[in-house]
Amino acid sequence: MSNPAPAGATPVAPPPAESLVQQIRDEILARPRFLITSHARPDGDSIGSQLAMAYALDALGKQSRIVNADRAPDHYYDFPGMERIEIAAEVPADADADTVIVMECGDLSRTGVRGFEGRFIINIDHHVGNRMYGAVNWFDVSAAACSEMVFDVIRALGVPLSFEIATHIYLAILTDTGSFHHSNITPRTFDICRQATEAGVNPAAMARRIFDSNSFGKLKLIGALLDKMQLLDNGRLAVLYLDDAMLEACGCTNNDTEGLINLPLTAREIYAVVFFKVTPDGMVRVSMRSKYDVDVRIVANAFGGGGHKNAAGFTVNGPLDQVRDAILDQVKTAVAEGVLERPAQT
Ligand code: 5GP
Ligand code: MN
């Protein structure tokens, strides 16, 4: 395990790179108009980090607009401020912001939105290999969610933890840790969640809204996916396959696929999951999840993608038959190496 966690005694670490947090605070305080963005196909961390930041800017009397390449999955629309997110492939022509805050993106192209280049960019991220594309770059790979970093910035700005801000910080942590499953959780994570709970967040309600808001169609899809699941490597590796025909047969859309990848990991023997989604244009979207020290980010990197040790992804040209074995071979290697590190008490 990468995070030593002696019971009780671990002090909550101060924000790392404190001077960078202060630099970001000073830039934000000095500037009036902001664009906020994050990666394409947003997840809970990208949504939560952006909206927490937007509410903090509101509290400071700053103007901000949020521009994303894609709509978030439907269940995120239960949370405050979602109507503020503008969906666009390009920065809107009437956006006269002088500053862009990019969160959760190792590379500016991850936004999927054109037109941020050449502006004053504040880059806040927790992915290994961040390309430092901003005027100010803070990336902390020890953060369990980008929202942990946003929390530090908001505290440095002196903005109180409102219910809305706390909700989005918590939403991001809950989702980006795979509901407190991934290995990058630290005392800092729980300290932030504690403060969010004190600010009025109801953890049970959050978990229900995020994880127990499936459609009936999604339940059917779970059945269809697990029915076709392959087990490889003596049952240590599960492979899921999805295409548009399966989605349609279950009355689902791409919006219903979030979280499906985690299902096989509930089996004790399974250490890694590869989820192949074939798109109509012949591309293959590959998502991976793993347990313990099985590092799927290395596999994603080898194929031009990225992510974290326990959650990573990439997109390759198909057809699936031609790319599948090379990908699975690398995941098997990652399992063989990481499985040795399985903690004793699990
Ligand atoms: P997901 O499997 O949920 O799409 O992504 C899991 C993790 O891998 C997320 O942290 C996400 O940012 C990262 N990731 C997924 N796809 C890509 C990709 O194409 N490029 C990069 N750099 N990261 C990715
Ligand atoms: Mn994240």
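Trainee: Before that, what should I know about the model and the numbering?
Mentor: It's a predicted model, where local features need pLDDT of at least 70, side-chain atom pairs count only at pLDDT 80 or more, and totals for chains, interfaces and linings use all residues. Residues are numbered from 1 along each chain as its sequence is written, chains are lettered from A and ligands numbered from 1 in the order in which they are written, and side-chain values use heavy atoms, with hydrogens and water left out.

Trainee: OK, what's the strand order in the parallel sheet?
Mentor: That open sheet has six strands, ordered β3-β2-β1-β4-β5-β6. Strands and helices here are DSSP runs numbered from the N terminus (E, at least two residues, for strands; H or I, at least four, for helices). Two strands pair if DSSP finds at least two bridges between them.

Trainee: And which strands stand at the edges there?
Mentor: β3 (85-87) and β6 (136-139); each has a single partner strand, so one side of each is left without a neighbour in the sheet. The twist averages 25° from one strand to the next.

Trainee: How many bridges pair β5 with β6?
Mentor: Four, in the parallel sense, with β5 covering residues 120-125. Asp125 stands opposite Phe139 in β6.

Trainee: Which strands does helix α2 lie across?
Mentor: Helix α2 (residues 44-59) lies across β1 (33-37), β2 (63-68), β3, β4 (99-103) and β5, at about 165° to β2. Contact means heavy atoms within 4.5 Å, and angles run from 0 to 180 degrees between N-to-C directions, with axes fitted to C-alpha atoms, for helices over the stretch in contact. Helix α3 (residues 146-156) lies across β4, β5 and β6, running at about 120° to β5.

Trainee: Now the mixed sheet. What's the order?
Mentor: β7-β8-β9-β10-β12-β11, again an open sheet of six strands. β7 (230-232) and β11 are at the edges with a single partner strand each, so one side of each lacks a neighbour in the sheet.

Trainee: How do β7 and β8 run, parallel or antiparallel?
Mentor: Antiparallel, joined by three bridges, with β8 spanning residues 237-242. Leu231 stands opposite Ala238 in β8. As for helices, α10 lies across β7, β8, β9, β10 and β12, at about 165° to β9.

Trainee: What joins Gly318 and Pro319?
Mentor: A cis peptide bond, with omega about -5°. Pro319 is in the loop between β12 and α10 (320-338).

Trainee: On to ligand 1. Which residues come nearest?
Mentor: Arg110, His127, Arg285, Ser287 and Arg289, out of 14 residues around ligand 1. A residue counts as near if one of its heavy atoms lies within 4 Å.

Trainee: And the polar contacts?
Mentor: Those are pairs of N or O atoms within 3.5 Å; within protein, one must be able to donate a hydrogen and the other to accept it, and residues adjacent in sequence count only if both atoms are side-chain atoms. An N or O atom in the Arg110 side chain is 2.9 Å from an oxygen atom of ligand 1. For the side chain of His308, the distance to a ligand 1 oxygen atom is 3.4 Å.

Trainee: Which strand gives the largest share of the shell?
Mentor: β12, with four residues.
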